[in-house]
Amino acid sequence: MLNVGSLARAELAAQLAGAGIRLRTGAFTTCLHSAIPSLAEGIALLYADYPLLAADDFADFHLQLVRPLNARRWIKPQVKLLYDRRSIFKPLPLDQAFPMFEWGLNWCVSSRANRYLIVHAAVVEKGGRALILPAPPGSGKSTLCAALVGRGGWRLLSDELTLLRLDDGLLHPLPRPVSLKNASIEIIARYVPQAVMSRPVTDTVKGTVAHMRAPAASIARSGETARPAWVVFPRYEAGAATALEPLAPAHAFMQLAQNCFNYSLLGAHGFTALGGLVERSLSYNFRYSLLDEALDAFDRLPPPPL
Amino acid sequence: MPPAPPLLLTVLRHPEQAGALTPADWDLLLRQAGSANLMAALHALLQARGLLATIPAAAREQLDWAGVLGERHRQAVRWEVRRIRLALRDLGIPIILLKGAAYTLAGLPPAQGRLFSDIDILVAESDLDQVEAALMLAGWASTHHDAYDQRYYREWMHELPPMQHMRRESLIDVHHAILPRTAALQPDPRLLRAAAVALPGEAGLLTFAPADMVLHSATHLFHDGELNNGLRDLADIHGLLLHFGGQPGFWDQLAQRAVQLHLQRPLFYALRYCQRLLATPVPAGASAACDSGRPGAALLALMDALFARALLPDHPSCQDAFTPAARFLLYLRANWLRMPPLLLARHLFHKAFLSPREAAPA
């Protein structure tokens, strides 16, 4: 199968601007269509290892990024995201086209893929056991995730969307670029020197944003599910000593439910799935300030009871 | 020439053909179904015919996602209706559920996969005040605060201004008739209420009788200016006709009732476009009996040209150069049917020039 990387840059840009490309990420196919150069640049850099499907293949999501035809076009150019030709978000400054695509694709999955209980959490795997890092923004979840997959030898399942399949209770990978914000960008650039990073985009709603390319090995294994083993709620605190404290299952359940996109939509199915996940995992609160110590603590997590 | 029939219509008419579609066909079909708000309905149809196993896994997955949404929606509607019944229980008056909520509670075919945002009920006009008060006590509040809007609803419309629950944000429309007071057609709500049937196991709740349900759905669709959900509403009528069509005496009753309620014209259109777009089986005798609503040849040719476009999914693959004009003309027609021209002009003038200023903070 053809990869994005097998297309020359000019050819990729031409296909994106023409009929669009059909990009396979994990279980989902997105038909992406856009003539915006910075988007083509981001796709070429961060999605080189992802398969491309043929033009007559089925796509789950149809996304298009366009420049709105208004007077601002000449002063403050903007970008608009269309889902099957309908606008779904307010326009953003043109420079934010690539982050907007990433957010748009997250929106597509989290608002529609109801076969999964979808937790707003990073998820990584080692030795067949998965570590879930749910967290509200600002807790350092993406920084940890980038460090774990960049240097800790963990496989990336996802940085944002933990997909727990309702019928089998397994975690389904959706490896995509890891989104880093503000100070994290510099920290990870130093901590994972071989990381491929996109050009930082300033003044977004989340501050400055850059994306780290997902490891090729994680992308190659995006068909392999993983068994949930640990749920860790991280909190970065400057100067804090590394501390891993066991968390009662009931608390872990409530906090996970609060971080779900579709918990109430799934009703009883969501309750059962989340209950099963918590039962089969060990849960912790985790405070840290040093990435080396954090990685070490995760390597020493005890296996969950069978 | 109107555009070629969309793939969605082909599959709604002949679900068994779904097995022969290519991945590219599925890609287009699901986008058409999504923009027509019929994705969950398509899932329900294919499931009912045992055809889900014959379709490609990726397409089935998307339909399943919509199926989950449909199931959750039916649950939520039943729950919300219970809250409404509880709020109005002490009044001891019959509450008639309309459209989506009625289909859901009565377990009728159009409820399968139907998504809608508000619950419609109908009560006697003389009970409006106490129903509104009881709903307010239970947490619903009027959404239109503008004095002009309040007057517009209370003086000219067939319903109270929509009410929204303060915490759950669910919407309820309380009707006393099925068309605005200002409309040329005035089907007598007393006749509709008198024929209403109790919902088994739901004390105090009723639905319209089968023929009235079809007529209401038809009146709603063919008096409505915004046809974004036109195909879904037509599919509702199709589903009701398939369901009730086999009951003895149904078709005779439908034709007689249309005459009694002066709703021959909407019934004529409903049967015509159901047959044309969805191949709904209508007995020849019934067709003839319902023909009294047929407009003149020139008008009918125009309406055919308009509805053949505006009733299709709101998706680029189902549109031609005339579609926007067709939708706009039907929007004008709907306003014309709902209000006499002079009143309409006054209303549109107020909305265009006065309402925004009133809405601005003082």
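**Two chains, piece by piece**

His262(B) sits in the loop that links helix 11 (250–260) to helix 12 (264–278) of chain B. Helices (H or I, at least four residues) and strands (E, at least two) are DSSP runs, numbered from the N terminus. What you're looking at is a predicted model, where local features need pLDDT of at least 70 and side-chain atom pairs count only at pLDDT 80 or more, while totals for chains, interfaces and linings use all residues. Residues are numbered from 1 along each chain as its sequence is written, chains are lettered from A and ligands numbered from 1 in the order in which they are written, and side-chain values use heavy atoms, leaving out hydrogens and water.

**Two residues with positive phi**

- Back to His262(B): its phi is near 60 degrees, which is a positive value in a residue other than glycine.
- Most residues other than glycine have a negative phi.
- His262(B) is partly exposed, with a relative accessible area of 46% (buried means under 20%, exposed over 50%, partly exposed in between, using a 1.4 Å probe and protein chains only).
- Over in chain A, Asp203(A) has a phi near 60 degrees, again a positive value in a residue other than glycine.
- Asp203(A) has its place in strand 14 of chain A, and Asp203(A) is exposed, with a relative accessible area of 68%.

**Chain B as a whole**

- Chain B contains 16 helices and seven strands.
- The radius of gyration of chain B is 21 Å, close to the 21 Å that the globule rule gives for 362 residues, so chain B is as compact as a globular protein of that length. That radius is taken over C-alpha atoms, and the rule is 2.2 Å times the number of residues to the power 0.38.
- The C-alpha trace of chain B spans about 60 × 50 × 45 Å along its principal axes.
- What share of the 362 residues in chain B is buried? Buried residues make up 54% of them.
- Among contacts in chain B with a separation of 6 or more, 69% come from residues 24 or more positions apart (contact means heavy atoms within 4.5 Å).

**The sheet in chain B**

- Seven strands of chain B form an open sheet in the order 3-4-5-2-1-7-6, with mixed pairing (two strands pair if DSSP finds at least two bridges between them).
- Strand 3 (140–142) and strand 6 (197–198) of chain B are at the edges with a single partner strand each, so one side of each has no neighbour in the sheet.
- Strand 4 (residues 163–165) and strand 5 (residues 171–175) of chain B run antiparallel and are joined by two bridges. Here Met163(B) stands opposite Ile172(B) in strand 5 of chain B.
- Helix 4 (residues 57–88) of chain B packs on the sheet and touches several strands, including strand 1 (95–98) and strand 2 (118–122); its direction makes about 40 degrees with that of strand 2 of chain B. Axes are lines fitted to C-alpha atoms, for helices over the stretch in contact, and angles run from 0 to 180 degrees between N-to-C directions.

**An open sheet in chain A**

- Three strands of chain A form an open sheet in the order 13-15-14, with antiparallel pairing.
- Strand 13 (178–181) and strand 14 (201–204) of chain A stand at the edges, each with a single partner strand, so one side of each is left without a neighbour.
- Neighbouring strands of this sheet are turned by 40 degrees against each other on average, direction ignored.
- Four bridges pair strand 13 with strand 15 (residues 207–212) of chain A in the antiparallel sense. The bridge partner of Ser179(A) is His211(A), in strand 15 of chain A.
- Helix 4 (residues 97–112) of chain A packs on the sheet, where it touches strand 14 and strand 15 of chain A; its direction makes about 70 degrees with that of strand 15.

**Strand 5 of chain A and its partners**

- Is strand 5 (residues 78–83) of chain A mostly covered or mostly exposed? Five of its six residues are buried, so to speak a mostly covered strand.
- Strand 4 (residues 61–66) and strand 5 of chain A pair in the antiparallel sense over four bridges, and Val66(A) stands opposite Lys80(A) in strand 5.
- Strand 5 also pairs with strand 7 (residues 92–93) of chain A, antiparallel over two bridges. Gln78(A) has Pro93(A) as its bridge partner in strand 7 of chain A.
- Strand 5 and strand 6 of chain A form a hairpin with two residues between them, and Asp84(A) in the turn has a positive phi of about 45 degrees.

**Cysteines**

- How many disulfides does the structure hold over all chains? There are zero (a disulfide is a pair of cysteine sulfur atoms within 2.5 Å).
- Cys274(B) has its closest cysteine sulfur, in Cys290(B), 12 Å away, too far for a bond. Cys274(B) is buried, with a relative accessible area of 0%.
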